[in-house]
Amino acid sequence: MTGADTAADLAARRGADDAVVYQPAEDSGLLAEAAVEVARGRVLEVGTGSGWVAAKVAAERDLDVVGSDLNPHAARAARERGVEGVVADLCAPFRENAFDAVCFNPPYLPTDPDNEWDDWMEHALSGGESGRELIEPFLADVGRVLAPGGVVLLLVSSLTGYDEVLALVDEAGFDHEAVVEESFPFETLTVLALRRA
Amino acid sequence: MKESLMDVVCCPLDKADLELDADDRDEEEILAGTLTCTECGEAYPIEDGIPNLLPPDMREEASA
């Protein structure tokens, strides 16, 4: 394969990946801001998407960051940004006490089950009927992979139900603190830092 | 994947240790190979430098 072929292949593949991978938006910017401020040690970003947040934390804080995503196209996009990409279901394949910081910008839009469109973009955006379908299992398992003294950074949208998410946080045995918050025309986004209560 | 990833990953099914079998590697990382659970024997592929650690039932769905 010539160099030109390789570049063309890469561009085509990257274009194909971009179409099915969540690209950085306001929520990503907010999570990155919080993560750059708070993250330390070994970091996991769950649902890394394009890998943009993970790459930013790795670059600005010089930390080791693993980016995991259910979507293999996303894991590849993250890898192309220099992040260690893993295809995974939330925290399932990670060891107990493995990470000092875990970041997650979950798919959070409440979605009518009749309107689910069943492709990678839906996986990246839809939080099921409640908007909390991924937040719930994430919170139930993240404590296992978190090292003692570790912190979870979770992005919450007002569309997902702030109080309902706080109830799940409490149930999972975490204290919470808002690190950054920003209001947009249709939603308020907050990044919560969660620490074991 | 870098070999250091082995410090943080486990079998998604039973959380047991994984054993690395590298088929292709460069100075920095493993590009192709298999991660096998030391407990249940389930094998997880590493392709293009990316380990796929989805449980087998989800792996089928994701590759569709």
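Let me begin with a term: a contact, as I use the word today, means heavy atoms within 4.5 Å. The model before you is a predicted one. With that term in hand, consider chain B: among its contacts between residues at least 6 apart in sequence, 30% join residues at least 24 apart.

I turn now to the elements of this chain. Chain B contains four strands and one helix. Read from the N terminus, their order is β-β-β-β-α. The radius of gyration of chain B is 11 Å, close to the 11 Å given by the globule rule for 64 residues, so chain B is as compact as a globular protein of that length. Along the principal axes, the C-alpha atoms of chain B fill a box of roughly 35 × 25 × 15 Å.

Next, the surface. How much of chain B counts as buried? The figure is 41% of its 64 residues. The accessible surface of chain B amounts to about 3,400 Å², and carbon and sulfur atoms account for 41% of that area.

As for charge, chain B carries 19 negative side chains and 4 positive ones. The centres of these two sets lie 4 Å apart.

Finally, a word on chain A. For residues 43–106 of this chain, UniProt lists "domain: Methyltransferase", in an unreviewed entry. That annotation comes from the record and may be inferred rather than shown by experiment. In the model, the end C-alpha atoms of residues 43–106 of chain A lie 16 Å apart. The span is 30% helix and 30% strand.

Technical notes
Residues are numbered from 1 along each chain as its sequence is written. Chains are lettered from A and ligands numbered from 1 in the order in which they are written. This is a predicted model: local features need pLDDT of at least 70, side-chain atom pairs count only at pLDDT 80 or more; totals for chains, interfaces and linings use all residues. Side-chain values use heavy atoms; hydrogens and water are left out. Helices (H or I, at least four residues) and strands (E, at least two) are DSSP runs, numbered from the N terminus. The radius of gyration is taken over C-alpha atoms; the globule rule is 2.2 Å times the number of residues to the power 0.38. Buried means under 20% relative accessible area, exposed over 50%, partly exposed in between (1.4 Å probe, protein chains only). Accessible areas come from the Shrake-Rupley method with a 1.4 Å probe; for residues, only the protein chains shown count as cover. Lys and Arg count as positive and Asp and Glu as negative; His and the chain ends are not counted. The place of a charge is taken as NZ of Lys, CZ of Arg, CG of Asp or CD of Glu.
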